[in-house]
Amino acid sequence: MVADSDDAYLVSRAQEGYLDAFELLVERYAPLAYRVALRMVGDHHDAQDLAQESLVAVWRGIAGFRGESTFSSWLYRIVTRRALNRLTRGRSSDAIDLLADLPDASTGPDDAAVRKETIDAVSAAVAALPLAQRVAVVLHHFEGLSYAEVAVITRSSVPAIRSHLFRARRTLTTALEQWR
């Protein structure tokens, strides 16, 4: 809650035109924007572009931000929409390292090789999911958002998110059967 109230203050200051307040928001949320974009589109360069475009869109739209959701939810929505737009324009996503931010617990070269193969398999399986399912998986499982938060971000309902996650889990279980 402290971060939300701090964000509200920074948003308020940014709406008044204080660039330093917006700069603090960017420093705080640029990694989030990049991480979500990367997990959605699968390409580091596209993810960097999407994160930057999203933050520019936030700056342009911050005057109209009414605070009906948290700043982070608003940013998730912007990044997700831009990523979906890019994906639906015909660009496919290749396998991505969805688990890159997990600590490497390997103790030797064999462990590192197994970890890499597992990451590649999970990344490819998630990238192959239909877009609605991929969004739900990325936001809920990788970003740790609740069903309600994912529903707000995607402008969907909680039952729809539950359904997308159920189908995604079923598909991922089948695709990753050999890794159990």
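These questions and answers cover the salt bridges of one predicted model.

In this predicted model, local features need pLDDT of at least 70 and side-chain atom pairs count only at pLDDT 80 or more, while totals for chains, interfaces and linings use all residues. Residues are numbered from 1 along each chain as its sequence is written, and side-chain values use heavy atoms, with hydrogens and water left out.

Colleague: How many salt bridges does the count come to?
Modeller: A salt bridge needs a side-chain nitrogen of Lys or Arg within 4 Å of a carboxyl oxygen of Asp or Glu. By this rule the count comes to nine.

Colleague: Which helices does the salt bridge of Arg28 and Asp7 tie together?
Modeller: The closest N and O atoms of Arg28 and Asp7 are 2.3 Å apart. Helices are DSSP runs (H or I, at least four residues), numbered from the N terminus. The two residues are 21 apart in sequence, so the pair ties together helix α2 (residues 19–41) and helix α1 (residues 2–15).

Colleague: Is Asp7 buried or exposed?
Modeller: Buried means under 20% relative accessible area, exposed over 50%, partly exposed in between (1.4 Å probe, protein chains only). Arg28 has 35% and is partly exposed. Asp7 has 2%, so Asp7 is buried.

Colleague: Which residues are linked with Glu53 and Arg82 in a network of salt bridges?
Modeller: Glu53 and Arg82 form a salt bridge, with closest N and O atoms 3.9 Å apart. This pair links helix α3 (residues 44–61) to helix α4 (residues 71–88), 29 residues apart. The network also holds Asp46 and Arg86.
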